[in-house]
Amino acid sequence: QLQLVESGGGLVQPGGSLRLSCAASGFSLDSYYIGWFRQAPGKEREGVSCISSSGDNTYYQDSVKGRFTISRDNAKNTVYLQMNSLNSEDTAVYYCAADQSGGFGPWVLKRGRPYEYWGQGTQVTVAS
């Protein structure tokens, strides 16, 4: 079965950290760029960060720059999102997605962009 599975979400206090993982099964991620997206209650899904297939290029939404770091380990077929200095506005369901088409650049985070694979999401709640 070809799928992406996110993990690492949970409840964290403001100022805390979490590391999300996005693991692929049934296919190799090394030729795919990966996007992390999130959807807060009552809001549309938005792009958070993305990484090229090689890992050499990354982009971030302005609100997470300096706090989040995306990385990948192609040997482990996994992409990570390290989230530091979390605040209540980061509360959302976080999704990872994989695709190969259309080239790689900040446009891959645009709302509504189609991806070949999506994970099921992991909940991140920032609250005291």
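**A loop glycine and its surroundings**

Modeller: In this predicted model, glycine 121 lies in the loop that runs between strand S10 (117-118) and strand S11 (122-126). Its relative accessible area is 15%, and because the cut-off for buried is under 20%, glycine 121 counts as buried. Setting aside neighbours within four places in sequence, glycine 121 is in contact with Glu6, Val93, Tyr94 and Tyr95. Cysteine 96 is 25 residues from glycine 121 in sequence, while the C-alpha to C-alpha separation in space is 7.3 Å.

Cysteine 96 is joined to cysteine 22, with the sulfur atoms 2.1 Å apart. A disulfide is a covalent bond between the sulfur atoms of two cysteines. The link of cysteine 22 and cysteine 96 is right-handed, with 75° about the S-S bond. It connects distant parts of the chain: cysteine 22 belongs to strand S3 (residues 18-25) and cysteine 96 to strand S9 (residues 92-99), 74 residues apart. Both cysteine 22 and cysteine 96 are buried. Cysteine 50, by contrast, is in no disulfide, and the nearest cysteine sulfur, that of cysteine 22, is 13 Å away. Cysteine 50 has 0% relative accessibility and so counts as buried.

The charged end of arginine 45 sits over the ring of tyrosine 95, 5.4 Å from the ring centre. The charged end of arginine 45 also sits over the ring of tryptophan 118, at 3.9 Å from that ring's centre.

Tryptophan 118 in turn belongs to a cluster linked by ring pairs, together with Tyr33, Phe37, Tyr59, Phe104 and Tyr115. The whole structure holds nine aromatic pairs. One of them is formed by phenylalanine 37 and tyrosine 115: the ring centres are 5.3 Å apart and the planes stand at 80°, so this pair is edge-to-face. This pair also links distant parts of the chain, with phenylalanine 37 in strand S4 (residues 33-39) and tyrosine 115 in the loop between S9 and S10, 78 residues apart. Phenylalanine 37 counts as buried because its relative accessibility is 4%. Tyrosine 115 is buried too, with a relative accessible area of 8%.

Terms used
Residues are numbered from 1 along each chain as its sequence is written. This is a predicted model: local features need pLDDT of at least 70, side-chain atom pairs count only at pLDDT 80 or more; totals for chains, interfaces and linings use all residues. Side-chain values use heavy atoms; hydrogens and water are left out. Helices (H or I, at least four residues) and strands (E, at least two) are DSSP runs, numbered from the N terminus. Buried means under 20% relative accessible area, exposed over 50%, partly exposed in between (1.4 Å probe, protein chains only). Contact means heavy atoms within 4.5 Å. A disulfide is a pair of cysteine sulfur atoms within 2.5 Å. Rings of Phe, Tyr and Trp (its six-membered ring) pair if their centres lie within 6.5 Å; planes under 30 degrees apart count as stacked, over 60 as edge-to-face and the rest as tilted. A charge sits over a ring if NZ of Lys or CZ of Arg is within 6 Å of the ring centre and within 35 degrees of the ring normal.
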